[in-house]
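The structure comes first, and my entries follow.

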Amino acid sequence: MKIIMLGAPGAGKGTQAKMIAEKYGIPHVSTGDIFRANIKNGTELGKEAKQYMDQGLLVPDELTVKILLDRVAQEDCRNGYVLDGFPRTIPQAQVLDEALEKLGEKIDYAVDVDVPDENIVKRMSGRRACLKCGATYHIEHVPPKKEGICDSCGSELVLRDDDKPETVLNRLKVYHDQTQPLIEYYTGKGVLQTVDGTMDMQDVFQRIVEILG
């Protein structure tokens with residue numbers, strides 16, 4: 001079962017990807033993690049990717065797909081995988097499809113965790129983080145025992161820059177410009193399934209399990 005997770009930043013697709021991976025015993029493949037692993041292990045692909053990243057440039061699609069295919073060719077991906085964070089654009093999706101086709105494979109499901117922008121802004125601007133021990137909270141859903149203070153280490157909690165409403169709106173704009181077209185792309189391929197991401201996390205997961213069977 002080869003699954004792609006789609007959804008805006010903050011829609012909760014990473015959490016769902018982890019839960020799917022656990023339930024079905026398939027790896028959760030996050031592009032960020034693969035890049036870091038290749039760079040850490042000093043692989044040829046990692047060295048190549050690092051040259052772009054060190055200059056603050058995006059890693060080209062061909063190289064990203066190469067690194068991804070190298071990961072999904074490993075033994076633990078034999079029964080499938082959940083892709084999280086890739087593809088982000090139509091060209092990436094096309095390069096991935098072509099590469100899989102050569103292997104006689106294809107994507108089985110593209111699951112879109114759909115959450116309206118205003119919910120995401122509210123959800124993310126409610127997050128609070130402890131910069132000292134890394135604990136995270138949410139003022140509505142997972143509040144600390146004492147307002148503004150970390151339960152674990154007693155340090156002050158902050159709203160991180162990337163969770164501020166203006167930053168979130170900016171990230172959502174990039175998402176709608178670049179990634180939203182993938183929804184039409186995968187609809188055209190007949191593999192898109194949309195779930196209502198505003199439901200409770202467990203309900204979203206139940207719905208995904210019904211789709212995947």
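Before listing what packs against what, I note that contact here means heavy atoms within 4.5 Å. I also keep in mind that this is a predicted model.

Entry on helix α2. I looked up which residues of α2, which spans residues 31-40, are buried, and found T31, I34, F35 and N38. These residues cover an arc of only 100 degrees around the axis, which puts them on the same side of α2. On the other side of α2 I found R36 and K40, which are exposed. I then checked the surroundings of the buried residues of α2, and they pack against β2 (28-30), α3 (44-54), α4 (61-72) and β3 (81-84). After α2 comes G42, whose phi is positive, near 60 degrees.

Entry on α2 with α4. I read an angle of about 85 degrees for this packing, with the axes 10 Å apart. Angles from 65 to 115 degrees count as roughly perpendicular, and α2 and α4 are therefore roughly perpendicular to each other. In the contact, T31, I34, F35 and N38 of α2 meet T64, I67, L68, D70 and R71 of α4. I sorted the residues of this contact into four nonpolar, three polar and two charged.

Entry on α4 with α5. The axes of α4 and helix α5 (residues 90-102) come within 10 Å and cross at roughly 45 degrees, and the two helices are therefore oblique to each other. I noted the crossing of α4 and α5 as right-handed. Here D61, E62, V65, L68 and L69 of α4 meet P91, Q92, V95, L96, A99 and L100 of α5, and the residues of this contact divide into eight nonpolar, one polar and two charged.

Note on methods:
Residues numbered from 1 in each chain as written. Predicted model: local features only at pLDDT ≥ 70, side-chain atom pairs only at ≥ 80, totals over all residues. Heavy atoms only, no water. Buried < 20%, exposed > 50% of the residue type's maximum accessible area, 1.4 Å probe, protein only. Helix = DSSP H or I, 4+ residues; strand = E, 2+ residues; numbered from the N terminus. Arc of directions from axis to C-beta. Axes fitted to C-alpha atoms, helices over the stretch in contact; angles between N-to-C directions. Parallel < 35°, antiparallel > 145°, perpendicular 65-115°, else oblique. Nonpolar A, V, L, I, M, F, W, Y, C, P; charged D, E, K, R; others polar. Left-handed = near helix turned anticlockwise from the far one by under 90°.
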